[in-house]
Amino acid sequence: MFDYLIVGAGLSGAVMAERLASQEGKKVLLVDKRSHIGGNTFDHYNDDGLLVHKYGPHIFHTNSKSVFNYLSRFTKWRPYQHRVLASVDGLLVPIPINLNTINELYGLQLNSDEVEGFLAGKAIKKDRILTSEDVVLNTVGKDLYEKFFKGYTKKQWDLDPSELDASVTARIPTRTNRDDRYFADTFQAMPLNGYTRMFEKMLDHPNIKVMLNTDYKEIIDSIEFREMIYTGPIDYYFDNCFGKLPYRSIDFVFETHNEDSFQSTGTVNYPNDQLYTRITEFKYLTGQKSDKTTVVYEYPKAEGDPYYPVPRSENTALYKRYQQLAIKEKNVHFTGRLATYKYYNMDQVVAQSLALFKKLYSPDLIEEEA
Ligand code: FAD
Ligand code: UDP
């Protein structure tokens with residue numbers, strides 16, 4: 001008899017397993033249909049000995065000290081600040097758009113104050129910011145919108161930015177200084193020995209049993225458990241009874257080159273001409289030394305593993321119908337990017353699972369904090 005069946009050995013499931021076993025002494029069965037732990041953050045050494053992320057580049061960043069401290073129990077860190085260039089008009093310029101982007105793109109020599117005026121002159125002000133198009137037009141106007149966002153977004157989501165919630169392109173700020181970091185969070189680092197090692201430490205507890213290569217529906221009737229934590233797609237849990245929720249998938253195409261370096265920064269975005277959205281070179285992220293280097297190209301697609309919930313109102317409405325069923329489900333708790341259909345970063349997923357754990361075992365603490 002297990003106290004908990006946890007579906008999904010990604011971050012959200014692993015945090016729950018670790019907390020329940022080590023803090024509450026619960027017996028946990030952690031099931032994943034894939035052949036490995038780690039969910040979408042899984043990394044491994046490829047045939048050329050380079051550490052790569054199987055499901056695309058994962059850079060850890062957070063403003064939450066408690067999330068960072070929590071994960072720090074299971075890994076040391078390598079400080080890393082991600083920098084991205086965008087291939088636009090035959091140039092490689094910084095994205096998020098900053099002072100240098102504008103100057104390089106338009107052959108100008110503006111300072112910070114002047115670039116504010118420049119952007120104010122271009123911005124198409126909106127009374128209400130509802131869509132991803134509104135966000136960008138309202139800040140930088142049509143030309144930069146078309147150069148950096150329209151094509152990339154169409155490729156990534158197969159939707160025009162006007163068809164996506166504002167939250168999607170709002171992930172990318174616009175800066176009038178020279179800060180060229182992709183993220184501005186307080187804590188930015190990579191697990192020193194990789195994500196998979198971090199997961200191995202989290203799950204190294206006698207009360208945690210891990211079962212891989214298993215869809216939970218194959219075993220649910222043959223094991224006994226008291227409660228379930230579910231981190232898979234919420235529509236799948238309910239047999240798609242209201243219809244499938246849309247997810248976006250990606251083909252990851254890896255290439256190893258017999259050279260020390262392939263490109264001049266961790267990621268280069270290709271908003272316009274190519275079929276892929278970006279190329280990432282892992283050595284920048286991992287700091288690994290080698291005379292070879294591996295890169296990954298990302299080709300978005302509709303079918304395949306569900307990587308991205310698609311943030312737009314009709315999908316949120318459909319998710320809410322599933323959520324109503326989820327709330328009524330006895331002894332089952334939903335957490336994570338797929339089970340709550342939220343475009344969450346890693347730190348948000350960790351925070352969400354830590355909050356669920358608190359709700360289950362120290363609800364008083366949550367009331368006190370509120
Ligand atoms: P997942 O990692 O998806 O784990 C869910 C697990 O459940 C999977 O392992 C799946 O196999 C399993 N599962 C599903 N259904 C079943 C079933 N029926 N039976 C058994 N098991 C099942 N975040 C960042 O903070 N920084 C980044 O740089 C970053 N880059 C990203 C790049 C890409 C391409 C993608 C797709 C995501 C990125 N993210 C990034 C987001 C990050 O991957 C997620 O926030 C996080 O991994 C979500 O964890 P999770 O446990 O909720 O879901
Ligand atoms: N985006 C864009 N151009 C870029 C970078 C991002 O249009 O050069 C938009 C696009 O819609 C993308 C979203 O902003 O899906 C979020 O980008 P982010 O890099 O955060 O995506 P993720 O790393 O989650 O795939």
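Does D158 count as buried, exposed or partly exposed, and how many C-beta neighbours does D158 have inside 10 Å?

1. D158 counts as partly exposed, because 14 C-beta neighbours lie inside 10 Å. The term buried is used for a residue with 20 or more other C-beta atoms within 10 Å of its own, exposed for one with 12 or fewer, and partly exposed for one in between, with C-beta atoms placed from the backbone. D158 sits in the loop between α5 and α6, and has a positive phi of about 55 degrees although it is not a glycine. Helices (H or I, at least four residues) and strands (E, at least two) are DSSP runs, numbered from the N terminus.

2. On provenance: this is a predicted model, in which local features need pLDDT of at least 70 and side-chain atom pairs count only at pLDDT 80 or more, while totals for chains, interfaces and linings use all residues. Residues are numbered from 1 along each chain as its sequence is written, and chains are lettered from A and ligands numbered from 1 in the order in which they are written.

3. Y341 is another residue other than glycine with a positive phi, here near 50 degrees. Y341 lies in the loop between β17 (332–334) and α12. Y341 is buried, because 26 other C-beta atoms lie within 10 Å.

4. A cis peptide bond joins I95 and P96, with omega about 0 degrees. P96 belongs to the loop between β8 and α3. Helix α3 covers residues 99–106, and its buried residues are L99, T101 and I102. These residues lie on the same side of α3 because they cover an arc of only 165 degrees around the axis, the arc being that of the directions from the helix axis to the C-beta atoms. Their cover includes β8 (91–95) and α4 (112–122). Just after α3, G107 takes a positive phi of about 60 degrees.

5. Ligand 1 has 35 residues around it, of which G8, G10, G39, G232 and G336 come nearest. A residue is near a molecule if its C-beta atom, placed from the backbone, lies within 6 Å of it. By class, this shell has 16 nonpolar, 13 polar and six charged residues. Here Ala, Val, Leu, Ile, Met, Phe, Trp, Tyr, Cys and Pro count as nonpolar, Asp, Glu, Lys and Arg as charged, and the others, Gly among them, as polar. Helices α1 (11–24) and α12 (346–361) each supply at least two residues of the shell.

6. Around ligand 2 there are 13 residues, and F149, Y152, T153, R171 and N269 come nearest. The shell divides into eight nonpolar, four polar and one charged. α5 (132–157) and α6 (166–169) each supply at least two residues; α5 gives the most, with five.

7. Q288 is found in the loop between α10 (282–286) and β15 (293–301). Q288 and L51 are 237 residues apart in sequence, yet 7.7 Å apart in space, C-alpha to C-alpha. Not counting residues up to four places away in sequence, Q288 touches L50, L51 and K283; contact requires C-beta atoms, placed from the backbone, within 7 Å. Q288 is partly exposed, with 17 other C-beta atoms within 10 Å.

8. The protein is divided into domain 1 (2–37 + 203–245 + 310–369) and domain 2 (95–169), with bounds from an automatic or database domain assignment. Their centres, taken over C-alpha atoms, are 37 Å apart. The contact takes four residues from domain 1 and six residues from domain 2.

Conventions. Contact = placed C-beta atoms within 7 Å.
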